[in-house]
There are 2 protein chains.
Amino acid sequence: MFETLEVGKQIKGSDFNELQQQLRERLLMAQLDLAGRDYPVIIVVAGLDGAGKGSLVQQLNEWMDPRWIETNTFWEHSDEEESRPYFWRFWRSLPARGQIGIFLGSWYTRPAQAAVGEEMGQEEFALYCKQIESFERLLTDDGALVIKLWLHISHDTQQARLQDDSPHRKSMPRSSDHPYELRGKYNRTLEVSEQLILATDSSHSPWQLLEAEDRYYRDITAGELILEAMLYRAGKEPAAAPPHIPATELVTGPQPTVLNSVDLALDLKGDEYREKLEHCQAQLRDLGWLAYQQKRSVVAVFEGWDAAGKGSAIRRVTRAIDPRLFRLVQFSAPTDEERAHHYLWRFWRQLQRDGRCTFYDRSWYGRVLVERVEQFAAPAEWQRAYSEINRFERQLVEHGIILLKFWIHISKEEQEKRFLARQNTAHKQHKLTDDDWRNREKWHEYELAVDQMVSRTSTHHAPWTLVAGNSKPYARIQILETFCRTIGSALEA
Amino acid sequence: MFETLEVGKQIKGSDFNELQQQLRERLLMAQLDLAGRDYPVIIVVAGLDGAGKGSLVQQLNEWMDPRWIETNTFWEHSDEEESRPYFWRFWRSLPARGQIGIFLGSWYTRPAQAAVGEEMGQEEFALYCKQIESFERLLTDDGALVIKLWLHISHDTQQARLQDDSPHRKSMPRSSDHPYELRGKYNRTLEVSEQLILATDSSHSPWQLLEAEDRYYRDITAGELILEAMLYRAGKEPAAAPPHIPATELVTGPQPTVLNSVDLALDLKGDEYREKLEHCQAQLRDLGWLAYQQKRSVVAVFEGWDAAGKGSAIRRVTRAIDPRLFRLVQFSAPTDEERAHHYLWRFWRQLQRDGRCTFYDRSWYGRVLVERVEQFAAPAEWQRAYSEINRFERQLVEHGIILLKFWIHISKEEQEKRFLARQNTAHKQHKLTDDDWRNREKWHEYELAVDQMVSRTSTHHAPWTLVAGNSKPYARIQILETFCRTIGSALEA
């Protein structure tokens, strides 16, 4: 989930000034508009220690009119609060209709800290998350707009920032009770954070995750997200016509995505490839039967760019598995019957029985990829799909299904080369359509969609594998090895 | 929760025929209209064994056009189902847009049975309920209308029906796996049912509870509820103009409510009253201090008819408690500031610290009483208030607060007597307003609102006490005794 938040998104100082000016004006307008409306805006600023939650809140206060903002921190626990039900402190800080309330440290602080410190068990944590969800639903049912920002920084950045012992830092209280105790618990914190985000991500109050390495990027992006949510809630669609590139990128140029982290130079040749292929396929053959004996299913999802080599990679997998044990299902536009049901319905119905493999050539991720980019799904529909998908996949995993998800990545140049090759080879011409060329024009939009998809759905229980696809042999072996490793470690020896 | 479902609601055979004819026509129209719409209707029929779930479903199939209804039962577990994630069986049975799917036995069967049989622990049960809620939210987010009916019968009726060993009964499968095992577990079943209903009652898919003693009443009421929900979802408000008396009662006359079960003849006189009063007040004085020492708060809610004697009853309580230990808060129309917040906000903020008492003279129940009847709150608002209130009260109780809720009941005649007495007594005239006379005209509407309020919010953790108020002395003692008993048993001796 968080690997996509360490790709180096940043904004230059000069760009920041330009962006800030526009943003500020629009935020003020939105705030003025809000004053006359009958709902409040509740902004939760959460995330890792040292990610700059405090500075962001300061920036927001500077940009907007502080007369109609109240900032609430909960790092000092008064005995007034302690002697009442836990949520009393939040209730009394709720903004009135027409106002903005910023919560720095919020109902998320306690479960995060308690779970990291292992003072709270798994069940208590889960029930607490349910309570948060009820609370937020109660607010949004009443009309409130709840915006939740999660700020992430890398391990190294956190270390550096927390070691900054300059005097003003020392005297500055942090939202956490045990500020420096988290040092050394970075990985545990991420684990808990992921659980917390997954359990409280909902259609009515979704999380927004953002990379907070660069403070310019952090502040501008947070501001844009808040603005967009406020406009959307007020019934004013953001002006940005498709293509849906974030307003910021019109000034800064495209920001890096998680796909930039894939090393496309990786290659495998000749004998080495053939040896590995043979070895992996033999191993996978055995694992297929072993899974059958142990009644463990495998579900594998294949997504990727057009011409990324999905089909041929899948064939390398299916050849290794007894045809009685798997079903390969392909998805393009839904049928009439499928369209008459929930979008997940057609994927549920293809699920094979315990002990079998189901390979999905394209999948439920179409909702947040093609349906998002081509606007077949409304923003609210694809935005809530992340949590729907996470819950769907959790059900699979909890049933004992071994889940694999592959995005096969190639460069834009490599795609062009392959398209042209298809055009010029008689028996491959049918594989190339006008749609393929059209999709290519939306490359960056798809990149953004993939980035967010990985960020929101690469979870501990169902991680994505980003496959380096410029070399087809390398991609196939990467996929096969992932299959063997994942299935192998899930089965009893 | 269920005591309101044993008050003897029924419909005569002749009325049934008349009601059935109208209802059938309107249901068919609604079904025809649905066929052209882009969402499905999902009807869950749940409740106690022997309540007639099967017969109701049969009746619904008879009334409506079975070509567009699918009835799903899950009493036979196929190995196809067992070898896939649990919800797969429901997914594959979901109706298409424009269709109705009836679920007889559903996602509620498993947790209910497992919890009654104690095969499922408290935490697993809670997490399962959360899964149900997510599933239903996913459906309703996609547009589906989810109608959930809970059928209740009394212990005696269940005994009688389950002992009916006539041959057609024996060969008829029941939705339950262990049909007759529940015999003798009636109370445990109710306990679990209440937990299940509370945990899965939500603004997007609320429960409807109905008394199923009389099959005519059961079927007509279920049909009316379904019709009303379908019309509402289709954007067609039910024709019924205020006063909001259920369509059925226009034919049958007023049905009994839970208030009919209050014995208004109860009385207390002279010395017996004074003795008890003194005794209770002395006891309560000590309990107040003991609660303070043990840092346990008391929250007491007083509701009741105009002139029921709320004020004077409260005074009998407050006189017994040290003024440093309690606060009495009165609620009428909200202030501007209160109106600018969620309706629960003004009650949250009055909550006193641990060890203190807060007495609410009128309370958050205004939402489902006066605001409902006078239409200050929209139907969606007061309907979702039941679950909001239950969750609010659960937070109080989980914090350790001792919660008491009183509805002081008097007869309509007694009220008139008291109104006239006020009119004719100079120092009491200010207590009588035109509003009081106006509210009186809506007596039955208020009765219905109280009935539903008690049914939906009288829970194991926060039960209602219905006070027999025609005799003021009796009412005061009943309240004081309830105070002493409840606080006494909650505190450590």
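Predicted model: local features only at pLDDT ≥ 70, side-chain atom pairs only at ≥ 80, totals over all residues.
View 1. Strands (E, at least two residues) and helices (H or I, at least four) are DSSP runs, numbered from the N terminus. Since seven of the seven residues of E6 (298–304) in chain B are buried, the strand is largely enclosed by the rest of the structure.

**View 2. The neighbours of E6(B).** Strands count as paired if DSSP finds at least two bridges between them. E6(B) pairs in the parallel sense with E8 (residues 357–361) of chain B over five bridges, and here B:Val298 stands opposite B:Cys357. E6(B) also pairs in the parallel sense with E9 (residues 402–409) of chain B, over seven bridges; look for B:Gly304 opposite B:Ile408.

**View 3. Where chain B meets chain A.** The contact (C-beta atoms, placed from the backbone, within 7 Å) takes 38 residues from chain B and 38 residues from chain A. On chain B's side, H4 (88–91), H6 (122–141), H15 (345–348) and H17 (379–398) each supply at least two residues. The largest share, nine residues, comes from H6(B).

**Reading the labels.** Residues are numbered from 1 along each chain as its sequence is written, and chains are lettered from A and ligands numbered from 1 in the order in which they are written. Local features need pLDDT of at least 70, side-chain atom pairs count only at pLDDT 80 or more, and totals for chains, interfaces and linings use all residues.

Key: Buried ≥ 20, exposed ≤ 12 C-beta atoms within 10 Å, placed from the backbone. Contact = placed C-beta atoms within 7 Å.
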